Amino acid sequence: MTDALAGVVASPRAWVAIVVIGVVTYGIRLSFIHLFGRIDGVPTRVQRPLRYVPPAVLAALVLPDLVTLRPSVAATLLDERLIAGAVAGAVAWRTENVFATIATGMATLWLFRFVVFA
Amino acid sequence: MPDTVFDEDLLAGVRDVSPLMLGIAPFALVAGIAAVDAGLGLAEAVGMSVIVFAGASQLAALELLGENAPLAVVVGTAVVINLRMLMYSASIAPHFADYGRRLRAGLAYLLTDQAYALSVAEFDENPDRSRWRYYLGAAASLWIVWQIGTVAGVVLGAGVPDAWGLTFAVPLVFLALLVPAMKDRPTTVAGVAGGAVAVVAAGLPLNLGLLVGALCGIAAGLVTEVTAS
């Protein structure tokens, strides 16, 4: 009952988010493709910060999913998610392969969750 | 002019993009799994993949929707993530400048990291290619695989027990994109600062940690660039 209700309530919220994000994202994609000829390109002042959007955003997405600050350093570090993330990060660095990164990360997570820390 | 769009240039785009599908297919699967995890159904998941069609922002929005973050935070975070496409739009625009308004509007919808990177490299190397056909071959293939992968992810996500932690694949996908994005000192500083601030700010109200972390990372990258030069 509660679940069904939550689904009904969540749905319009999700659709609003989807449509607004979609419209703004399309505007971003179309921007210069549409305007070309009227302006020469991205002004340097805009271009410079944009260079740092991918690493800053991606790291802000990744790290909170791998690290939770706990009272002790040991408790923070001995976390299956952080260990799996470190292994996957090394694989990403060596291979630059999305599939290999996911596969080793998930395997390491399961190894520690179901075997080592079980 | 060839009488069909299925010509050599279009097929070259399809062929060149196919090795990338090994990375895109699991990414799309994860988008479907994350949608289920956020409490969305098949219609919303596919709606998002069709209307937004930008993986990293979809995953971030799903995570925030699942945590019941305010809509403004969900939208703001996704938009910041997609701002990078402003650069792609500017960079690819001269190649499409001769086309009509309608065709350009259609091509813009399909703009992604991969379609952009592949196409501008090919346009430089092979100026005789039909630009829109080559780009369409690559970009439309990505679109199709993205939609199929999303549906498969919804089905898979609904069938696998929570203990398996399938949504852990979300940060792993981002990790695979993050590592090559940290290619010099300022971009590395941007990543380290963005991640560290996001961890510390994880408890902020309104789920603002991600946005605050990202903005601090961008600022740190800029400061590093300025002090180095």
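Predicted model: local features only at pLDDT ≥ 70, side-chain atom pairs only at ≥ 80, totals over all residues.

Me: What makes B:Trp146 count as buried or exposed?

Reply: Count the C-beta atoms around it. B:Trp146 has 22 C-beta neighbours inside 10 Å, and the cut-off for buried is 20 or more, so B:Trp146 is buried.

Me: How far apart are the C-alpha atoms of B:Trp146 and B:Pro26?

Reply: They are separated by 9.4 Å, though the two residues are 120 residues apart along the chain. Another pair is B:Ile148 and B:Ala25: 123 residues apart in sequence, with 8.5 Å from C-alpha to C-alpha.

Me: Why is B:Ile148 called partly exposed?

Reply: B:Ile148 is also in helix α9 of chain B. It has 15 other C-beta atoms within 10 Å. Exposed would need 12 or fewer and buried 20 or more, so B:Ile148 lands in between, as partly exposed.

Me: What makes α2(B) oblique to α9(B)?

Reply: Helix α2 of chain B covers residues 21–37, and its axis comes within 6 Å of that of α9(B), crossing at roughly 45°. Roughly parallel means under 35 degrees, and roughly perpendicular starts at 65, so α2(B) is oblique to α9(B). The crossing is right-handed.

Me: Which residues meet there?

Reply: Among them are B:Ile24, B:Ala28 and B:Val30 from α2(B), and B:Val145, B:Trp146 and B:Gly149 from α9(B). By class, this contact has 18 nonpolar, five polar and one charged residues.

Me: How do you know that α11(B) and α12(B) are roughly antiparallel?

Reply: By the angle again. Helix α11 (residues 185–200) and helix α12 (residues 209–228) of chain B pack at about 150°, with their axes 7 Å apart. Anything over 145 counts as roughly antiparallel, and therefore this pair does too. Their contact divides into 13 nonpolar, nine polar and two charged residues. As for handedness, α11(B) passes α12(B) in a right-handed crossing.

Me: B:Phe53 came up as a contact of B:Trp146. Where is B:Phe53 found?

Reply: In the loop between α3 (42–51) and α4 (55–66) of chain B.

Me: And is B:Phe53 buried or exposed?

Reply: Same test. With 23 other C-beta atoms within 10 Å, against a cut-off of 20, B:Phe53 is buried.

Me: What is the phi of B:Phe53?

Reply: Near 50°, which is a positive value in a residue other than glycine. Most residues other than glycine have a negative phi. A:Glu96 also has a positive phi, near 50°.

Me: What makes A:Glu96 partly exposed?

Reply: A:Glu96 is in the loop between α5 and α6 of chain A, with 14 other C-beta atoms within 10 Å.

Me: How many residues of chain A are in contact with chain B?

Reply: 64 residues of chain A, touching 76 residues of chain B. On the chain A side, α1(A) gives the most, with 24 residues. That side has 44 nonpolar, 14 polar and six charged residues.

Me: Which residues touch the most other members of the largest nonpolar core?

Reply: B:Val30, B:Ala35, B:Val173 and B:Phe174, in a core of 105 residues. Helix α10 of chain B, residues 169–181, gives this core its largest share, 11 residues. Setting aside neighbours within four places in sequence, B:Val173 is in contact with B:Phe27 and B:Val30, and also with A:Val98 and A:Ile102.

Methods
Residues numbered from 1 in each chain as written. Chains lettered and ligands numbered in written order. Core = buried A, V, L, I, M, F, W, Y, C linked by C-beta atoms within 7 Å. Helix = DSSP H or I, 4+ residues; strand = E, 2+ residues; numbered from the N terminus. Contact = placed C-beta atoms within 7 Å. Axes fitted to C-alpha atoms, helices over the stretch in contact; angles between N-to-C directions. Parallel < 35°, antiparallel > 145°, perpendicular 65-115°, else oblique. Left-handed = near helix turned anticlockwise from the far one by under 90°. Nonpolar A, V, L, I, M, F, W, Y, C, P; charged D, E, K, R; others polar.
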